[in-house]
Amino acid sequence: CMKLEIAGAEASQLAARFGTPVYVYDQNRLEERMRQFRQAFSSPLFDCHVAYASKAFCCLAMMQLVQREGLWADAVSGGELYTAMKAGFDMNNILFHGNSKTDAELEMALEAGVGTIVVDNLAEAGRLAFLSTNHPGSRTRTLLRINPGVEAHTHAYIVTADIDSKFGISITRSQEIIETCRILDEAPNLDFAGFHAHIGSQIFEPEAFAAEIDKVTAFTKEFQDQTGLQISCLDLGGGFAARYTEKDSCPPVETVCRRILEAMTEAVKRHGLSVRELIIEPGRSIAAEAGWTLYTVGSIKDTEHRRYVFVDGGMNDNIRPALYQAEYEAVLADRMDEEKSETVTVAGKCCESGDIILRNGRLQPARPGDILAVASTGAYGQSMASNYNKLPVPGTLFVKDGQARWVIRPQDLEDLIRNEEPLPEES
Ligand code: PLP
């Protein structure tokens, strides 16, 4: 009978050998996706960089792959910076993001020689300008995150949305943007290069990026005219769609990249801009579809209106359905040739009614002991994992050409209390 294979390895054999729950990545597919982006996002007019958004899935092995495939990376915390450093990542190719970077994190980024710091707001610009004076002789490139008022999710995008976002400075506040850029431009150890914007997640519609480019370049033109500061770099953010279920038909990476480059080429001509460098930051689109989560089916329970299939993991290894009703598809790894004849709810073992992995999903008839594989869990699964209910975070395997290896070992019970201190004995 037909069995699920991941990069040439049988999923149920991986489960038998390494245990469940377990995250499994198809390394071939990760590499292929990174290559697709690199090839598609290039242009004779611009210096183009694809920066992998490491928040989607970050570990030493992943950062090594990203570097090997010639991508840059973005990081949003000291922890992500540290992981990149320990992976031997060229820190000059790192963009450091975040709306609430601490002084310690900024200091760490300056010390580590992070190539580009993406400043979020006026107050942060002042702090960074001050901290950078502790690094005489260095010159750190900065971008300012602006909010172009375009918000895109799935098939809809709205222009003039969300001016109260916690991220960046709204382009409706142009004086504040000018003031912030002047601080960055005048700081002796900083080098102000341009703007960053990110308009949302799971964007299917290439026109949403074109709308972003319209807004950002028109603003850039105005900004240059008012300040005389030249903008050489624009970072258009991430949000490229991934396929989670059959409802998601994602445009090819090539199509989206082509539309972005076309819109940029046209806008630069129209406005006479000096932009020479472009950055995009795909996260989920690189990591999601390469990742699976394997569970073992425990009990099956019927209620008035539902059949529950219980598994040995749950919201601690994948919080997305509970957090924002994310949808997935699942299969029984060894029974792929059977029809998905049942509608079931796959529930985890956590003490929360919302601990659901799949709500009313189609599945082959499950029996206790079956290996249930959830597809496209490679982004924001492992990276959002928690120890809720004192559940260990499952380990992560990379499989390449049939060969599997741990890239993150599973936590054990001892790991769960490793940093704990008992109270002293009562005397
Ligand atoms: N860049 C920035 C600034 C982000 O905030 C995010 C996601 O939150 C990303 C990139 C990656 O988004 P995605 O994984 O949807 O591509």
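This is a predicted model: local features need pLDDT of at least 70, side-chain atom pairs count only at pLDDT 80 or more; totals for chains, interfaces and linings use all residues.
1. Of the 15 residues around the ligand, the ones that come nearest are G239, E281, G283, R284 and Y380.

2. E281 places a polar side-chain atom 2.7 Å from a nitrogen atom of the ligand, while a polar side-chain atom of R284 lies 2.7 Å from an oxygen atom of the ligand. For Y380, an N or O atom in the side chain is 2.6 Å from an oxygen atom of the ligand. Taken alone, the ligand exposes 390 Å², and 89% of that is buried by the protein.

3. Where does the ligand sit? The site is the largest pocket, and the residues named above as coming nearest to the ligand, among them G239 and G283, can be inspected there in the displayed structure.

4. Side chains of opposite charge can pair when their charged atoms come close. Counting a side-chain nitrogen of Lys or Arg within 4 Å of a carboxyl oxygen of Asp or Glu, the total comes to 22 salt bridges.

5. One of the salt bridges is formed by R127 with D103, and their closest N and O atoms are 2.4 Å apart. This pair links distant parts of the chain, with R127 in helix α6 (residues 122–132) and D103 in helix α5 (residues 103–112), the two residues being 24 residues apart.

Conventions:
Residues are numbered from 1 along each chain as its sequence is written. Side-chain values use heavy atoms; hydrogens and water are left out. A residue is near a molecule or strand if one of its heavy atoms lies within 4 Å of it. A polar contact is a pair of N or O atoms within 3.5 Å; within protein, one must be able to donate a hydrogen and the other to accept it, and residues adjacent in sequence count only if both atoms are side-chain atoms. Accessible areas come from the Shrake-Rupley method with a 1.4 Å probe; for residues, only the protein chains shown count as cover. On a 1 Å grid over the protein atoms alone, a cavity is a set of points where a 1.4 Å probe fits but cannot get out, and a pocket is an open set with protein on both sides within 12 Å along at least five of seven lines; lining residues have an atom within 4 Å of a point. A molecule sits in a cavity or pocket if more than half of its atoms lie within 2 Å of its grid points. Helices (H or I, at least four residues) and strands (E, at least two) are DSSP runs, numbered from the N terminus.
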